Structures are given as structure tokens and as C-alpha cells.
Number of protein chains: 2
Amino acid sequence: MITVDAARARILGALSATGAETVGLGQGWNRVLAAPVYARLTQPPADISAMDGFALRAADAAAGVKLRVIGAAPAGHPFPGVVGPHEAVRLFTGSVMPEGADAVLLQEDATATADGVTVHEAAQAGRHIRRAGQDFALGDLLIAAGRRLSARDIGLAAAGNHAWLAVHRAPRVAIMATGDEISLPGDPVGPGGIVSSNAHALAAFVAQAGGEPVILPIAGDRLEAIAEGADGARGADLLVTTGGASVGAHDLVGAGLAARGMVLDFWKIAMRPGKPLMFGTLGGMPVLGLPGNPVSAFVCAMLFLRPAIDRLSGLPGAAPVLVPGRLGAALKANDQREDYVRATWRDGVATPFAKQDSGMLRNLAHADVLIRRPPHQAALAVGDAVEVLVLG
Amino acid sequence: MITVDAARARILGALSATGAETVGLGQGWNRVLAAPVYARLTQPPADISAMDGFALRAADAAAGVKLRVIGAAPAGHPFPGVVGPHEAVRLFTGSVMPEGADAVLLQEDATATADGVTVHEAAQAGRHIRRAGQDFALGDLLIAAGRRLSARDIGLAAAGNHAWLAVHRAPRVAIMATGDEISLPGDPVGPGGIVSSNAHALAAFVAQAGGEPVILPIAGDRLEAIAEGADGARGADLLVTTGGASVGAHDLVGAGLAARGMVLDFWKIAMRPGKPLMFGTLGGMPVLGLPGNPVSAFVCAMLFLRPAIDRLSGLPGAAPVLVPGRLGAALKANDQREDYVRATWRDGVATPFAKQDSGMLRNLAHADVLIRRPPHQAALAVGDAVEVLVLG
């Protein structure tokens, strides 16, 4: 058995980012930038007005003075002339400041008439003017490579005049559920059988993490079925299996993949739920074997699959962020396994569910957080400090 | 001018959820459930083993005893017979408990031989058995309508034997940028012109919020161009415009939409950035007019568009969640407008950027949080308590 951190380090160490692809700006959101975005222009391109009003010379604009309006400069239509003494040009938010003017008189501080404008409040030189390049200048680095692009980043890339982005390809993650007892939702369920839930939950999880899920057909509990199933993952950046990972007599996943040449790295970690976690490499394709219990599978996905998808997507990949909180119900001492306890979360208080069985999907779906307990942690009382992983 | 909360209440009051559609389970993630999901079967369907081992009668299973193994029950293949005295059946995680057995002997507490199994540690009745219906029973409510579906919910719906889900249609949000000064990324930029960034940032924002963005062509600063642009939004659940919302001489959006019959609700709110926020209804379609400044547009999107998309998606829609923190740099007293200050966020400390100009997209993209300041808030010193809106 290896620790959670050691397992994650070994998984991440075996993974590298997908290659870059060119996508339209609209497809770039939530992808990881593969090449830096530099500004292709200066923004604003010239000194512009931040308000609606009049461009004029501050020296002229004392209260009570009336100025001659010699033109207008709507945004996108710069005034071609020069503002001279006792002259003004009508302008609007985003208008280019005309030559000769050094101040903006706000429209609420003025009265416009047919032939001119009367100043009610003196305008100050430079005020309400956005300077050329205030946001960024031609050639500035706008977004560094390796960043997952937010909606704001998309706006910034657009403003920098980029219609295309180089991003890492979304990692394709093949998901293979195994077991004679499972059937697809809606399909007939055999005696003592259950409906496959892991593959579908994991597919949504992969999509949420920015990957492209591919659900492979369910593989029955035969070596050849598992080996053939894995053949269907060809071209995937990662194969995720569920079930049969504990390498017991009926835990055929490892054996079935070994039949196709998988090199096993590890298959047992010191955590609960989720002890049987398998990792290996099959012909260059990494394989992550998750437990069959739905709660174990999901917790392992949070701890290992998410960082793996991040790494494949172009990010470093890291342990999930933990948030401090207080315990809402006592917990017994922990054993040698790192424990992830399903709990509700209200105002910083994490209250564990009374039943923590790793087969209970409903508890998991209704949990807000997982309380992380280090190995050998002593018993905890109500109000004790804990660290939690907030579920999305 | 109305307050931020009043504006949001009026927007939400004018919106209702989209209709339901049937989608495959795989399309259900992040959609809002329109009809409750009830369990179509009991889970587990029978008492099952939670471990690998042997099913037997606890009364027989004292340490040192040897039992006869009369068969095996791999998961999905229930043992058809009955376990009698001094008999055992090999089983595995997920195996149905055979009739007659009331205990599970763990395989690590036993030695299997060709003809039987020797008990090393006494098995307790009921231990390591998952009871029928422990997770849920036929007919149980698994997921209530009105919930945005997580990956775990998808797993739970699958386990409940649902291949299809009734979810609210993802709201279609048409986005129309306006202004003679803007051009599409990569297209030629006119003198004093800038590149359109709002529509692209907002499209990503809409997608992130679970909507379907439609970017309309840029509408120039002519009434007819704006009116025609709005015609292109037909069938949208919401039209979002950017720019020209302040209803000034060159703020033609309201006038252009009025030409098509828009009923204006309000167009001015007491907040910064973003005072010119317009809301109205055009032939049954709600219209949200965002400011043209990219920072203002984005902050207004966080405060109004996100709740609006939530409401259209089937959720109630609410003010964004605020998180407590400490201030990292002093702030002057606030005026009558609710203020959203761009800031970095490290270990609970929000440090405002020195420049808060609403035209500075780069600052916005690099911000981690917005510090919310109520109207008329007094000056704040380093270390004072603040509330922040964490940017995603």
C-alpha cells in the first residue's frame, strides 16, 4: 500500500500534456492555453474619453464660459480637426480625444445650445481621459501559456485581436465499467444485478474537468472481454476502468489488461474509501483502475482522476484544495488509511453522515464535502478543526 | 437609479424557466432537473456482500473450524442453493448473500483449501453485509426537480435505472454588441477603433452558466441597425446587448429596441462599475442591456446575467454568494453607488488593484475577486473585514 500523495505523484509523473490545436476563440473557454497570447494592438488605441461630454482646452473651461462647438466625434468616428482656443468638440464614452484638447467637460456639467456649450463646472486637464495603452500596449503579454482560460481571458484575447487560440487538445478519457452484475440504465437487469452508474457519473465528471469522455461497452468478468474492451480505448489519452481493481480471484481487470501488455505500477493505496486503486501503462496509454463501489470510484476520481485530467490538459495537476472547517459530529480514531468522510456543510461546519458505507450513492450525491482525515488521526469531538474538500 | 438588489429582483420577476426536454443521461450533467427522479428498483436489490470472502452461518464460524465449500457466487451470478450447517459459499464484493447464510467470513481471515475453508477469525452475523435497499428502495425520491445535476446525481439517476432525464432546456442567450467603433477579432480595425471583446467574453460566460450563447452580428450606431439586430434574436430566451445602454444622445440601443416595441423597465442602477444597466421586454423576450465597458459588462454579468440564466434554467436565481475576507490595502469612503472593486485574493486577504478604471480588461482578467462595498460605506483600512465575490 502506498500513500495518497505518493500515488498521485506516480500518476502525474507518468502523464504529459496533450498536443496543441488551433481553435476559434469561442471554443477556447475552459481550455488550457498552449502558446502565450500577446497584444496585437494597443488598447485604448489613442487617448479616449471615459465619459459623455465635450473635448476642450482646460485653460478655457472655467465655469460660466461659453465655447463654440466645432464638431462631434462619436466613438469610431474621430474628429479630423484640431480644437483651438474657446472651441469644443462633442464626444462620448470611447471617443478619441481630438488634437488640441486636453480636458473632458462632462455633459452634466454643461448646457449645450444650438451654437455652443456653456461650462457650469471647470474641467480639469487629463480627467475622464483613458490614456492610449492604459489597458495594454502592442506586444504586451496578455495571457501566459498554461492557464485555463476563463470567460474574462476570452474577452482579453479578443481585445488583443485574436480570433484563434492555440490550446491543448481536450484529453480523451475512455471509461470502461466491468462486471457481470451490471447493465446499462434502462436495459434488463439480471437476478441480483445492478445498474451501471460509475461510467455515467465518471463521464460527467470528465466533461466537468474539461476532458472528452468516451464510455466503452461494459466488459463482463472474463479476461478476454476486458482485454478486448481495452482494445476499444485505442487513441485515448487515458483509460479509466471501474471495478475489479483489487486483483483478487474475481478481480480480472488487472489480469485482462496484463494480457494486452499493461505494465502495472501500483494497485493498492492507503485510503478509504478506495483502497484498490490501480495504475499502469498499456502500450503508452496510462490506465487508472478505480474501485467498483460508486462512492470509492467518485472519491478516487476527485483525488486522482481530476489531477490526471488537469495534467493531460496542460496544467501541472495537484491535490484538491482543502478548506478549513469545524466538525459537526464526533468521529472515532482513524486507522492507517487516509479517510474521506462524506458530510454536509453549513456555515463552515462539516457534519458526517452516520452511515459511511462506500456503496451508498445517495449519501454521496447529497454530500457537500468530504472531510479528509490523515492516517492515525485521533478521535475528534464536535467543534474540532477539520479540513474538507468541497464537492462541486 | 434603483439599487442592485431591486434591479435583480425586477429582472428575476420577469423571467420564468424554459420548458422541459428529454435528454439522454449523458446530456443531463449541469442541466436543471424538470421532473423528480424516483428509484425504479431497490439498491442493493438483495443483501449483498461488501467484501471478498465466504458466506456462512455465524453459529458455525468459530476460529479453527473447517467448513465445506459448496459453491461460489460471483457478483451477477447468485448461488441458487441454500447454505446449510457447516457449509460455506465463496463470494465477492457485490455477490448476493445466499439463502441460509447470515455472515461473511473475510478471505483474509480464512484459508481456502481444495475441499473447504478454515476459519481463522470468527465471523459476526450481519457484518460486511449490505442490506437490500440500504442505498434506496423502489419508488424512493432520488433527485428532486429543480436541482442542477452534478456528476454524482448522474450516477444516482443511472443507479435508479434511468436512461433519460427530463431537464429544462438550456436557455438560448443571444448577445448583440453594438457600436461603430468595434470590429470582430482579426478583422480590420478602423481609426480609433477597438476590437469587440464583450460578446466573446459573455458567450463564454453564458456557456459556463449553462446557457447556449448565440453571438449576433455587431450592430452599428444606427437605430435601424440595432432594431434589425434584435430581429435576429427571435427565439432566444434572453437578448443581451452591450454598449449604448445609458440612453444618451449616442446611446441608441434603447431607442433602437423601442422602435421594435421594447417596454423599458429600468436603465440605471446605483452601482459601480455598471451604472447604465437596462432591462426591458421585447415581444415577450426579456432584454438585458449591459454597459459597453468590458469591466462593467462583466461585473453586471456576474450580478444580473448569471442569476437570470439560473432562473431561465429552472433554478430560483439569486445574488452571488459573498465570502468574508480582510482588506489588503486601504479604500476611500464609498459614494451612493454599490461598488465592486477588482482585487487579488491570497489567504483570505483581498488587495484592490490601484487602478479601477472600468475600461481595463487586463486587470479584470487577473483579478481573483470583487470586493463588494455597500453604498456610503466609510473608508476602510488594511485588515478591515470585507465581503468578496470570488471570480470563477
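**Exercise 1. The sheet of chain B**

In which order do the six strands of the open sheet in chain B lie, and is the pairing parallel, antiparallel or mixed?

*Solution.* Before starting, note that this is a predicted model, in which local features need pLDDT of at least 70 and side-chain atom pairs count only at pLDDT 80 or more, while totals for chains, interfaces and linings use all residues. Residues are numbered from 1 along each chain as its sequence is written, and chains are lettered from A and ligands numbered from 1 in the order in which they are written.

Step 1: the order in chain B is β16-β13-β17-β21-β20-β18, and the pairing is mixed. Here strands (E, at least two residues) and helices (H or I, at least four) are DSSP runs numbered from the N terminus, and two strands pair if DSSP finds at least two bridges between them.

Step 2: at the edges stand β16 (212-215) and β18 (263-266) of chain B, each of which pairs on one side only. Neighbouring strands of this sheet are turned by 25° against each other on average, direction ignored; axes are lines fitted to C-alpha atoms, for helices over the stretch in contact, and angles run from 0 to 180 degrees between N-to-C directions.

Step 3: β17 (residues 238-242) and β21 (residues 285-290) of chain B pair in the parallel sense over four bridges, and Thr242(B) has Leu290(B) in β21(B) as its bridge partner.

Step 4: helix α6 (residues 294-313) of chain B packs on the sheet, where it touches β13 (172-177), β17 and β21 of chain B, and its direction makes about 165° with that of β21(B). Contact between two residues requires that their C-beta atoms, placed from the backbone, lie within 7 Å.

**Exercise 2. Two contacts**

Describe the contact between chains A and B, and then the contact between domains 1 and 4 of chain A.

*Solution.* Step 1: chain B gives 72 residues to the contact and chain A gives 72 residues. On the side of chain B that touches chain A, the elements that give two or more residues include α2 (151-159), α3 (198-208) and α6 of chain B.

Step 1: the domain assignment, which is automatic or from a database, gives chain A a domain 1 (4-16 + 170-313) and a domain 4 (323-390), among others.

Step 2: on the side of domain 1 of chain A that touches domain 4 of chain A, α6(A) gives the most, with six residues.
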